[in-house]
Amino acid sequence: MSPSAGPGGLAGVLRAEAGVARSEVRAWRAAGRMLFGWRTLLVLLVLFGAWELYVDLGGADPLILPAPHQIAQSLYRDRSLLWSNFLVTAREIVLGILVAAAVGLALAISLHLSRTLRRAVYPLLVASQAIPVVLVAPLLVLWLGFGFFPKLVVIAIVCFFPIVVTTLDALAAVDPDLLKLMRTFGASRTRTFRHVELPAALPGLFTGMKIAIVFAPIGAVFAEQAGSNAGLGYIFELAISNLLTARAYAAVLILAVFAIALFTLLTLAERLLLPWAYEPRGETPL
C-alpha cells in the first residue's frame, strides 16, 4: 500500500484482510467438523459395537464377516503391506480425479458453447455410463498392458461424467441478467465467459469432483482386479481368494477413510478458493 493512502483506504484494506482471515477460519472449522464431528464418532461407535456383538454371538462366520477387532488386528499386523499398496492406489485415485476434472471441465465448456455439439454428444455421454466398468477394465488392460495408465483411464472414465453434468448445469444456471449486463457494456463473448460464466462454473466443478471421489475407489479396485500386481484392489482380491477376510476388510476400510479425507480436503479447498460461493445470498462481500 502506498504511503499516500488515506485512513479510509487503510481501513478498507484491513477490513478486506479480516474478511479473508474469517473465511479461512470458517473453512478450517468446517473441515474439522466434517472429520472429527462427535456425532459421527458416536454413530460409528454404535455401529462397530453392534457389529462386534453380532459376530461374537455367532451371527456370522468370521471368514465371511470378520469382527471389528479382527480388522483392527489386520490393520496393525499387515500395516507394511497395506501401506505400500495404499500408496499405489492413492496415486491412481488422485491423478484419475484430476484427469477427470480437466477433461470434464473442457468437455462441459465445449458443450455449453456449442448447442450442436451438446445435442450430438450429451446422449452418448449418458449411454457411456451404462457400460459396466468390469467390462471396460479388462479391455483396457488388454490394449494398454498392466501398468499405471489403464488404471488411470478407468478411474477417469468412472469420475468424469458427474463432473461434466454438474459443471454444465452450473454454466446453464448463470444469471441471465448478468449476461445481459455484459452485453450492454459491449463485452465480447470471451470476456463474458471469463468474467461471468467460468466463475459460475467452478462451484459445479467442485461439486462434481466431490461426487467423483465416491466412485474413484470403486474404479481403482475394479481396474486393479482386472490386471495388477499392486494396489489395495489387488490385495483385496488376493485376500479373499486366500480366505484372509479381515485383511480384505482392512483394505476396504483404508479406502473408505481415504475417500473421506479426500472429500474433506476438497471441501476445504473449495471454501478457500471460492469463498464467495459460500456467502449468504444478498450479502455484500467486504
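Q: What makes the crossing of helix 8 past helix 9 a right-handed one?
A: In this predicted model, where local features need pLDDT of at least 70, side-chain atom pairs count only at pLDDT 80 or more, and totals for chains, interfaces and linings use all residues, helix 8 passes helix 9 in a right-handed crossing, a term used if the near helix is turned clockwise from the far one by less than a right angle. Residues are numbered from 1 along each chain as its sequence is written, and side-chain values use heavy atoms, with hydrogens and water left out.

Q: Why is helix 8 called roughly antiparallel to helix 9?
A: Helix 8 (residues 176-184) and helix 9 (residues 189-226) pack at an angle of about 150 degrees, with axes 10 Å apart. Angles over 145 degrees count as roughly antiparallel, and therefore helix 8 is given that description relative to helix 9.

Q: Which residues of helix 8 and helix 9 meet?
A: Leu178, Leu179 and Met182 of helix 8 meet Arg191, Thr192, His195, Val196 and Glu197 of helix 9, contact meaning heavy atoms within 4.5 Å.

Q: Why does isoleucine 71 count as buried?
A: Its relative accessibility is 6%, and buried means under 20% relative accessible area (1.4 Å probe, protein chains only), so isoleucine 71 counts as buried. Isoleucine 71 lies in helix 3 (residues 68-77) and, not counting residues up to four places away in sequence, touches Trp51, Pro66, Ala246, Tyr249, Ala250 and Leu253.

Q: How far apart are isoleucine 71 and alanine 246 in sequence and in space?
A: They are 175 residues apart in sequence and 4.9 Å apart in space, C-alpha to C-alpha.

Conventions:
Helix = DSSP H or I, 4+ residues; strand = E, 2+ residues; numbered from the N terminus. Buried < 20%, exposed > 50% of the residue type's maximum accessible area, 1.4 Å probe, protein only. Axes fitted to C-alpha atoms, helices over the stretch in contact; angles between N-to-C directions. Parallel < 35°, antiparallel > 145°, perpendicular 65-115°, else oblique.
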